[in-house]
Amino acid sequence: MKANLKIDITVKEICDGFEYNEFEGKGLFGLAGKLTIQPEYQRNYIYALGDGKKEMAVIESVLNEYPIGLIYFNKVSKDKLEVLDGQQRITSLGRFITQKFAIKDKDSGNMQLFEGMAQDKKNRILNTKLTIYVVEGSESEIKEWFKTINIVGVPLTEQEKLNAFYSGPFVTLAKEEFSNSKNAKVQMWSAYVKGVVERQAFLERALDWVSKGNIDYYMSNHRYDKNITELKKYFNKVIDWISSIFEDVESEMCGLEWGRLYEEYRSKSYITKKVSERKNKLYSDPYVIDKKGIFEFILGGSKDYKLLNVRLFETATKRSAYASQTKTAKTKNKSNCSYCAIGHEANKSKIWAFNQMEADHVSAWIKGGPTTAMNCEMLCVPHNRAKGNR
Ligand SMILES: [Zn+2]
């Protein structure tokens, strides 16, 4: 891979012919059309996310004559260059000069667009020279390099690296569907999928689900596909499945392993109304500590209590139950474990020590039994474990 250092290209030249595509969220061209700012393997523009602090910082750095770091271009042909690294910074500059955002003026404290700035400040920005390496090399050399670098300030996410590595028609189509914040469906998906759409979180999830966790393998197999039918279909099937079972959206649903849950429970049938009632009941139960576990608990037939992390009896409650049970048992010459007392074994009149017993809900917690002293009964460990349903 060859690299030539250029130190004479100004911001003005770079931004000549700059266009920002609002729909796709990316900067397109510069250097009077010679430069492609976002080749397909690049990630979306992310410096404007949040409150846009990152793009403002780029402009403030230039105004203060601080370096904004090395920029890399890839020489594609005699008159064609592509940005390899520096896309975010160049797009920030282009967006500022084309009036897409304002910065805070140091002297007045007001927000100011480029056109409203004093001429000397405008010139300072336009005449700033950038430090650019123009590299030439084979596609694979450049991609390998691109995969391993981290852009200054914001490291690439795993999925952004994979997109660069497996760039091609499949990634281009997949990004159009899953990495596009202007896609009206994103709002609905974000009830179940966590992360920032521009940082490829939704695409990553869609690929994770359809590939059952083998994203790398799936992307390499489909790299040259000219459609994303399977990916789209599967993702929509999972989303439809969730929303058909769980009527209302709870914040705890966001980020659950829906792909795995779909595969595990898709063949079971559920009555939406009953699911909703059960879910609401568990949500209002103060003893359910893990609300995220409610969904899998219900899908699995309300059996796996571990998922809910139900609050247990306090030690004081257990001690007082133990004391009163043992006192009564002694006067009747019976075991202080009510199960032992009605049994036929040698333990019929056995008095168990406190640490040989466990607390049990007299009326099972799942049937509405509260975790209070009234509902607490101490059983010997073997009987309690045999009973199972706390
Ligand atoms: Zn017992």
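Helices (H or I, at least four residues) and strands (E, at least two) are DSSP runs, numbered from the N terminus. The model is predicted: local features need pLDDT of at least 70, side-chain atom pairs count only at pLDDT 80 or more, and totals for chains, interfaces and linings use all residues. Residues are numbered from 1 along each chain as its sequence is written.

View 1. Ala 32 sits in the loop between strand S4 (29–30) and strand S5 (35–36). Ala 32 counts as exposed because it has 11 C-beta neighbours inside 10 Å. Gln 99 is found in the loop between H3 and strand S8 (103–104). With 11 other C-beta atoms within 10 Å, Gln 99 is exposed.

**View 2. The largest nonpolar core, with 28 residues.** A nonpolar core is a set of buried Ala, Val, Leu, Ile, Met, Phe, Trp, Tyr and Cys residues joined through C-beta atoms within 7 Å. Ile 14, Phe 73 and Leu 93 have the most contacts inside this core. At least two residues each come from helix H1 (11–14), helix H2 (53–63), strand S6 (71–77), strand S7 (80–85), helix H3 (87–97) and strand S10 (129–136). H3 gives the most, with four residues. Another core, of 23 residues, lies apart from this one and has Leu 162, Ala 174, Val 197 and Leu 231 among its members.

View 3. Leu 130 counts as buried, with 22 C-beta neighbours inside 10 Å. Leaving aside neighbours within four places in sequence, Leu 130 is in contact (C-beta atoms, placed from the backbone, within 7 Å) with Ile 9, Val 11, Ile 14 and Ile 71. Asp 8 is 122 residues away from Leu 130 along the chain, yet their C-alpha atoms are separated by 7.0 Å.

**View 4. Helix H7 (residues 169–178) against helix H9 (residues 201–210).** The two axes come within 9 Å and cross at roughly 115 degrees, which makes H7 roughly perpendicular to H9. Axes are lines fitted to C-alpha atoms, for helices over the stretch in contact, and angles run from 0 to 180 degrees between N-to-C directions. Angles under 35 degrees count as roughly parallel, over 145 as roughly antiparallel, 65 to 115 as roughly perpendicular and the rest as oblique. Ala 174, Lys 175 and Phe 178 of H7 meet Phe 202, Leu 203 and Ala 206 of H9. By class, this contact has five nonpolar, no polar and one charged residues. Ala, Val, Leu, Ile, Met, Phe, Trp, Tyr, Cys and Pro count as nonpolar, Asp, Glu, Lys and Arg as charged, and the others, Gly among them, as polar.

**View 5. Helix H11 (residues 229–245) against helix H12 (residues 258–265).** The axes of H11 and H12 come within 10 Å and cross at roughly 75 degrees, so H11 is roughly perpendicular to H12. Val 238, Trp 241 and Ile 242 in H11 meet Trp 258, Gly 259 and Tyr 262 in H12. The residues of this contact divide into five nonpolar, one polar and no charged.

Technical notes:
Two residues are in contact if their C-beta atoms, placed from the backbone, lie within 7 Å. A residue is buried if 20 or more other C-beta atoms lie within 10 Å of its own, exposed if 12 or fewer, and partly exposed in between; C-beta atoms are placed from the backbone.
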